[in-house]
Amino acid sequence: MNDVQPQASHQGGPSDRPQDEDGRAVLRNAGARRVGMAIVGLGGAVATTAAAGLELLRTGAAGAEGLPFARLEQQVDGLADYDALVVGGWDLDAADLAKAAEVHRVLAAQQLASASPGLSQLRPWAAVGDAEFCRNVVGGNTAVAEGRRAQSDVIRADLRRFRAEEQLDGCVVVNLASTERWPDLDEPALATPEAFEAGLDADDPAISPGMLYAYAAIVEGCGYVNFTPSLAGDAPALTTLATMRGVPLAGKDGKTGQTMFKTVLAPALRSRALTVEGWYSTNILGNRDGLALDDPASLASKLSTKGQVLDQILGCPVEDHVVRIDYYRPRGDQKEAWDAIDLVGFLGQRMQMKVDFQCRDSILAAPLVLELARLVDLAQQRGQGGVQEQLGWFFKAPMTTGDGVPEHALHRQERVLLDWLLGDDATVLDPAAAAASLQ
Ligand SMILES: NC(=O)c1ccc[n+]([C@@H]2O[C@H](COP(=O)([O-])OP(=O)(O)OC[C@H]3O[C@@H](n4cnc5c(N)ncnc54)[C@H](O)[C@@H]3O)[C@@H](O)[C@H]2O)c1
């Protein structure tokens, strides 16, 4: 991942890429900023897919399909290239990423074979976990540190070492760990940065592992992304700390499949005055994320982030909005999500709509993770600290500043994001061009 070399091609299919004498695609943007992605949950399905994707892009074995901002690379000053992303991170499981990716069965055999030489070089750093917060996922690769202060010190040291060894210009911590149960954000230790510091010293059980990683990121000046439903950077102590330190925070819970389509369909139904009488959403999945969600405490976190979007978009509560997630092993990462929507139209006549999305969970999530790392790094270069509301497009439960109500409708989130990314240029883009640049 380190051998960035000078040349000037643009991303695209293999044929676009110049090659060195060994036949490896040569990376563009030599000497450009190198941005570390320090991933919590590095051995997971999403993280290994993201790391493999970078490897396959790097060797020219994959093009930019599914990467929403590939086409904007040349228009946005300071947006890091995919080639410039350097992967590292923690996992409770010590397996190298080639072995981990094989277990997840997301990649095709040929893709796994091509990415394996690079992936096998990546071994997760020892992690900080707590079965009190995530019961169904345990592992032996744990940091030797007693108490929350010592654990946060270990994470901070990892980040400093990563920056130095990889000669990084920027670094973003991305939370892709298993879903934790929700802690009580009203606990005194989570209220202010000072209380949080005291809580670390006192080993206060209100502080979750997810919060330790978020805290370490902020104090080490690394941007932070929470792609999980866990409450991590959300603690008031940490949002305040991030604002004080000028560190960008983005989250939470990636909006990849069922919820993404919900936030596309619901605005259309509202626009045509079709009343949503009920919306029944159910999912089956059999990956390790599904196993983590088989614990009722972790499941409650996920259902909460998935459940919030409809009422805000429709402007009234949908009493019969049901969301279910079931762990079903045979399906692995190939999640299936069904929606049964009951509508009332003109003259009180009833209608139904069914959506069946047979998706690939990690294939939808991994490109968003890569884009988030680039955009949070961009926000940091632009001097924007604290919660990054313009990145709400990526999330099921977008973080907001203060008591703000999040925007959930995808088309409005897209407008806000494009305005932030492109500034004045966004206003001259016609909607079709803007949409195309996001496809
Ligand atoms: N795939 C999607 O479409 C999608 C969408 C939104 C959110 N998410 C969330 O992203 C996260 C990752 O999903 P996944 O499918 O890769 O899950 P996964 O179970 O495959 O991976 C999670 C990894 O985190 C590790 N882990 C658990 N606790 C840890 C800790 N304290 N420190 C370090 N590592 C730890 C586990 O060992 C595992 O390897 C989940 O929280 C999931 O809910 C996924």
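Trainee: Where is Thr228 found, in terms of strands and helices?

Mentor: Thr228 is found in the loop between β4 (223–226) and α7 (236–245). Helices (H or I, at least four residues) and strands (E, at least two) are DSSP runs, numbered from the N terminus. Residues are numbered from 1 along each chain as its sequence is written. This is a predicted model, in which local features need pLDDT of at least 70 and side-chain atom pairs count only at pLDDT 80 or more, whereas totals for chains, interfaces and linings use all residues.

Trainee: Is Thr228 buried or exposed?

Mentor: A residue is buried if 20 or more other C-beta atoms lie within 10 Å of its own, exposed if 12 or fewer, and partly exposed in between, with C-beta atoms placed from the backbone. Thr228 is buried, because 29 other C-beta atoms lie within 10 Å. Of the 439 residues of the chain, 46% count as buried.

Trainee: With which residues is Thr228 in contact, leaving aside its neighbours within four places in sequence?

Mentor: Two residues are in contact if their C-beta atoms, placed from the backbone, lie within 7 Å. On that basis Thr228 contacts Asn175, Leu176, Ala177, Thr179, Lys252 and Asp253, with neighbours within four places in sequence left aside. Separately, Thr228 and Lys396 are 168 residues apart in sequence, and 9.6 Å apart in space from C-alpha to C-alpha.

Trainee: Which residues that surround the ligand are the closest?

Mentor: A residue is near a molecule if its C-beta atom, placed from the backbone, lies within 6 Å of it. Here 36 residues surround the ligand, and the closest are Gly41, Gly44, Thr228, Arg288 and Asp289. Two or more residues of this shell come from each of α1 (45–58), α9 (288–292) and α12 (361–381). Helix α12 gives the largest share, 4 residues. At least three shell residues come from each of domain 1 (30–254 + 363–437) and domain 2 (258–360); the domain bounds come from an automatic or database domain assignment.

Trainee: What is the order of the strands in the open sheet?

Mentor: Strands of a sheet pair through backbone hydrogen bonds, either parallel or antiparallel. Two strands pair if DSSP finds at least two bridges between them. The open sheet has 6 strands in the order β2-β1-β3-β4-β5-β10, with parallel pairing. Strands β2 (85–90) and β10 (386–387) are the edges, each pairing on one side only. Strand β1 (residues 35–40) pairs with β2 over 6 bridges in the parallel sense, and Met37 has Val87 in β2 as its bridge partner. Strands β4 and β5 pair over 3 bridges, also in the parallel sense; there Val225 has Ala250 in β5 as its bridge partner.

Trainee: Which way do the residues of strand β5 point?

Mentor: In β5 (residues 248–251), Pro248 and Ala250 point one way, Leu249 and Gly251 the other way, and all are buried.

Trainee: Which residues have the most contacts inside the largest nonpolar core?

Mentor: A nonpolar core is a set of buried Ala, Val, Leu, Ile, Met, Phe, Trp, Tyr and Cys residues joined through C-beta atoms within 7 Å. The largest one has 98 residues, and Leu85, Val172, Val174, Val369, Leu372 and Ala373 have the most contacts inside it. Helix α12 supplies the largest share of this core, 11 residues. A second, separate core has 7 residues, including Trp279 and Ile341.

Trainee: Why is helix α6 said to be largely enclosed?

Mentor: Helix α6 (residues 209–219) is largely enclosed by the rest of the structure because 10 of its 11 residues are buried. Its buried residues pack against β1, α4 (147–165), β3 (170–175), α5 (193–201), β4 and α7.

Trainee: Which peptide bond is cis, and which residues other than glycine have a positive phi?

Mentor: Most residues other than glycine have a negative phi, and most peptide bonds are trans. The bond from Gly251 to Lys252 is cis, with omega near -5°; Lys252 is in the loop between β5 and α8 (258–271). Gln167 has a positive phi near 50°, and Leu347 one near 65°. Gln167 lies in the loop between α4 and β3 and is exposed, with 10 other C-beta atoms within 10 Å. Leu347 is in the loop between β8 (336–344) and β9 (350–358) and counts as exposed, with 5 C-beta neighbours inside 10 Å.
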